[in-house]
Amino acid sequence: MNAYQLAMRGHKVTVIDTDYVLGGTTANTTARITAQQGLLYSQLIKQKDKETARLYYDSQMAAIEELEAIGKKHNLDGDFRRVDGVIYVEEETSISELETEAEAYQTLGIDGTLLKQGIDLPFETSAELVMRNQAEFHPLKYLKGILEVLEEKGVTIYEHTRGKSLDGDMLTTNDGNNIHFKNIIIATHFPFLDYQGFYFNSFKISRSYGLVVTTSTPPPENVSLSGHDGPSLTTRHIIGRDNEHPTLLFGGMGHMSYMEKDMIDQLEKLRLYADQKTINEERFYAYRAQDSMTADSLPFIGCFDTKHDNRFVAAGFNKYGMTNVVLPSMIISDLIEGSDNRYHEMVSPHRNKGVLQQIKQHATTPMESMSVEAKNMLKNYPNIDDVELSAGEGAVVKDGMLKKGLYKDEENNEYYVVDNRCTHMGCSLSWNQPDKTWDCPCHGSRFNFKGNVIEGPATEDLDVEIKKDND
């Protein structure tokens, strides 16, 4: 969306993507476009003030309106529609928390209301907090239309190209090419070159899971649901699919990255909880996603550091990227053109984030990383010469005094032996069998089985050695 705004304002724009556009996190998203982001507004009033809470609500609603306006302007086929956001609780003991948030809505003038079992859902609830006039869409359909607009505007897009380093006004990519820029926007989920802005200690990485099913007992189409207690599932319709039954997307089972949990187990739990909510018929798709979480629950949008006025960042979206990828396009395009933006100070990476929250995050993040390392040190890994893997399997192994990552290729008898240390800050990597990736529990970097970076903040590939089966 940054590229769209700048191109529409007449700027020459180049986009690079580590993998391919419309893949990765963009494809694996619940795509809930909402200013209702948990019980956020009572939190913001308490931790900041009423003005900040209302301003953040305004920014999110402005982002929704911008998405809708762009779709109408270019006649995009993105299945965009307005729905009501609904946070529900199942236990009566949780109602008081919704009541506190409902009071914040009233204080701030947010269009919403608290109901006691006032929505006809296929499962029982104790209360629901409604925020009206939210939205949802099909992100890939919508963005395919945006890409066509960018092509018409002359925007250059390089796929399979990763930014590696900056020197003045020159970006060097992973393949050694240089891109000279007047302004650069780092919108890479987790900012690469994060040392300059101390970003490695500013985010916690949350992992969550998604499941797409058909159901014979769907909730109403005009609501997007989010559970506050119990399994805390999000639920929304996927429209435009030609299925016999309505199609739903369930999301949930989130945990922090340092809490290493098996992806298959988490997806199975999600399936079981989803089956408790609705009578599900067919399962189409399941996935895992990662999100960057900030100490004060607000995104980082603005200048990357305090030394450069032409380097910008957009990150830390706290699971609500659909609105918070639009907000940077409005803020940063204004900053580049020297204009004021009413939301900038609130979400600047250099704002006052709240002393207690920031200290807590900066203190606990390295402790959590060290805890993961300590657990990995105590694990008993098999010797590389003794382990037997089937084709397509991977495992952490011992190679003398060192730990390695071992993967057996499905197409031949070759083994990929990679360094088990993340090239970002040296954390031990875990093997993710369903995705066939090496994942970092500390800051969310991911590598494919060949050791190539597929998600940062790491910019360097893993050292790799290829061995034959009979070596």
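Reader: Which residue stands opposite Gly-251 in β14?
Author: Thr-234 does. This is a predicted model, by the way.

Reader: Which strands are joined there, and by how many bridges?
Author: Strand β13, residues 234–238, and β14 are joined by five bridges. The two run antiparallel.

Reader: Which way does β14 pair with β11, and over how many bridges?
Author: Antiparallel again, over eight bridges.

Reader: Is strand β14 mostly covered or mostly open?
Author: Mostly covered. Strand β14 spans residues 247–256, and nine of its ten residues are buried.

Reader: What do paired strands hold on with, in general?
Author: Backbone hydrogen bonds. The pairing can be parallel or antiparallel.

Reader: New topic. In what order do the strands run in the open sheet with β19?
Author: The order is β18-β19-β20-β25. That makes four strands, with antiparallel pairing.

Reader: Which strands stand at the edges?
Author: β18 (394–399) and β25 (464–468). Each has a single partner strand, so one side of each has no neighbour in the sheet.

Reader: How much twist is there from one strand to the next?
Author: It averages 30°.

Reader: And how many bridges pair β19 with β20?
Author: Five, in the antiparallel sense. Strand β20 covers residues 414–419.

Reader: What about the open sheet with β21? What is the order there?
Author: β21-β22-β23-β24, four strands with antiparallel pairing. The edge strands are β21 and β24 (453–455), and each pairs on one side only. Neighbouring strands in this sheet are turned by 35° against each other on average, direction ignored.

Reader: How many bridges link β22 and β23?
Author: Three. Strand β22 is residues 437–439, strand β23 is residues 446–448, and they pair antiparallel. Thr-437 has Asn-448 as its bridge partner in β23.

Reader: Let's do rings. How many aromatic pairs does the structure hold?
Author: Eleven. One of them is Tyr-407 with Trp-431. That pair is tilted, with 5.6 Å centre to centre and 45° between the planes.

Reader: Is Tyr-407 buried or exposed? And Trp-431, buried or exposed?
Author: Tyr-407 is buried, at 1% relative accessibility. Trp-431 is buried too, with a relative accessible area of 18%. The cut-off for buried is under 20%.

Reader: Which residues make up the ring cluster?
Author: Tyr-407, Tyr-416, Trp-431, Trp-438 and Phe-449, linked by ring pairs.

Reader: And what lies over the face of Phe-123?
Author: Lys-277, at 4.9 Å from the ring centre.

Reader: On to the inside. How many residues has the largest nonpolar core?
Author: It has 59. Tyr-41, Tyr-142 and Ile-146 have the most contacts inside it. Helix α3, residues 50–74, gives the most to this core, with ten residues.

Reader: What is Tyr-41 in contact with, leaving aside neighbours within four places in sequence?
Author: Among others, Ala-53, Tyr-56 and Tyr-57. Glu-101, Leu-108 and Met-131 are also on the list.

Reader: How many residues are in the second core?
Author: There are 17 in that separate core, including Tyr-407, Cys-422, Cys-427 and Leu-462.

Reader: Last topic, the backbone. Where is the cis peptide bond?
Author: Between Gly-456 and Pro-457, with omega about 25°. Pro-457 is in the loop between β24 and β25.

Reader: What is the phi of Asn-75?
Author: About 55°, a positive value, although Asn-75 is not a glycine. Asn-75 sits in the loop between α3 and β3 (81–89). It is exposed, with a relative accessible area of 69%.

Reader: And where does His-189 lie?
Author: In the loop between β10 (184–186) and β11 (204–215). Phi of His-189 is positive as well, near 70°. His-189 is partly exposed, with a relative accessible area of 23%.

Methods:
Residues numbered from 1 in each chain as written. Predicted model: local features only at pLDDT ≥ 70, side-chain atom pairs only at ≥ 80, totals over all residues. Heavy atoms only, no water. Phe/Tyr/Trp six-rings, centres within 6.5 Å; stacked < 30°, edge-to-face > 60°. Buried < 20%, exposed > 50% of the residue type's maximum accessible area, 1.4 Å probe, protein only. Lys NZ or Arg CZ within 6 Å of the ring centre and 35° of its normal. Core = buried A, V, L, I, M, F, W, Y, C linked by side-chain atoms within 4.5 Å. Contact = heavy atoms within 4.5 Å. Pairing = 2+ DSSP bridges. Axes fitted to C-alpha atoms, helices over the stretch in contact; angles between N-to-C directions.
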